[in-house]
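Dear colleague,

I am passing on to you the structure shown below. My findings follow it, and I would be grateful if you read them with the structure open.

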Amino acid sequence: MAEIGTGEVVVDGIRSPLVQAGPGEAGEAAVFLHGNPGSSRDWEDLIARTGEVGRAVAFDMPGFGQSQAPRSFDFSPEGYARFIDAALAQLGVQRAHFVVHDVGGIFTWPLALEHPGLIGSVVAMNTGLLDGRRWHRVARMWRRPLLGELVQLLTTRKRFEDGLTADGAMPLPEAFLERMWRDYDRATRRTVLKLYRTMDPPYPASDSWKGALASLDPPALIVWGERDRFVPPKAIERIKTALPGAQVVVLPGSGHFPFADDPEGTAGAIVPFLRSRLG
């Protein structure tokens, strides 16, 4: 395992904690983008492993983890994509091998349109394309004015854990749950509502994203927790319309957070893929 370093990246006054390993000046890097809820710390294990073969970086998305997002921030997928692009430019990353989870993928796909040369390869983990007709049940509640605020207000530690673990059917490490709960403060809850309310399914730009990614057809790997109740495995076929050459690895005992509930299986799939790109 490589030694992990910490720091921060600042874009338009937004300060985001940074986790990294490997050669810090390399212009090519594995870039890990977390989902909701989550932070750069989700990736510490994979970054330490990847840092042995190349540069690996992760940073908090605005409004998540320990990063604060001003009210003026554009909470749409395109807004987050612009933040990612600017953050990578500041870090000197000119070519990225994206490892994306949950909405981290949705933040990445617009880059295929605006900055196709940035995308070296993609690892898509339990994520989506916004081309479906419906969100999952909790997201539908978040999207409704007043109801979403009420749901967030009534989210206790117990309800939070039950939601992430499918009422205990898919247990997650206690330290992981506790860290995510500490990060899930009022500002993050407001960020979640703002983000999901920008994303009307099917999202108008989703076909353009798919077309741009399919035209690039970058080297790709799809890693999926088979027991995900938020984004079930049937979504893999939709992801493959955008990444037609992708290899697929399904982790049978895993849920929505494979890097947390099956870290060895996840690393066993992802690290060799990244080694072949970065090495």
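In this predicted model, Asp131 and Arg238 form a salt bridge, with their closest N and O atoms 3.0 Å apart. Asp131 lies in the loop between strand S6 and helix H5 (137-143), while Arg238 belongs to helix H11 (residues 235-242), so the contact ties together parts that are 107 residues apart in sequence. Asp131 counts as buried at 17% relative accessibility, whereas Arg238, at 39%, counts as partly exposed.

A second salt bridge joins Glu174 to Arg157, the closest N and O atoms being 2.8 Å apart. Glu174 lies in helix H8 (residues 174-183) and Arg157 in helix H7 (residues 157-164), so this pair links parts that are 17 residues apart in sequence. Glu174 is partly exposed, its relative accessible area being 48%. Through shared partners, salt bridges also join Asp131, Asp207, Lys210 and Arg238 into one network.

The whole structure contains 15 salt bridges. Among them is the pair of Arg49 and Glu264, whose closest N and O atoms are 2.7 Å apart. Since Arg49 is in helix H1 (residues 44-50) and Glu264 in helix H13 (residues 263-278), the pair ties together parts that are 215 residues apart in sequence. Arg49 is buried, with a relative accessible area of 18%; Glu264 is exposed, at 53%.

As to the strands, S5 (residues 95-102) has 7 of its 8 residues buried. Strand S5 pairs in the parallel sense with S3 (residues 28-33) over 6 bridges, and Leu33 stands opposite Val100 in S5. Strands S5 and S6 (residues 119-127) also pair in the parallel sense, over 7 bridges; the bridge partner of His101 in S6 is Met125.

Yours sincerely

Notes:
Residues are numbered from 1 along each chain as its sequence is written. This is a predicted model: local features need pLDDT of at least 70, side-chain atom pairs count only at pLDDT 80 or more; totals for chains, interfaces and linings use all residues. Side-chain values use heavy atoms; hydrogens and water are left out. Buried means under 20% relative accessible area, exposed over 50%, partly exposed in between (1.4 Å probe, protein chains only). Helices (H or I, at least four residues) and strands (E, at least two) are DSSP runs, numbered from the N terminus. Two strands pair if DSSP finds at least two bridges between them. A salt bridge is a side-chain nitrogen of Lys or Arg within 4 Å of a carboxyl oxygen of Asp or Glu.
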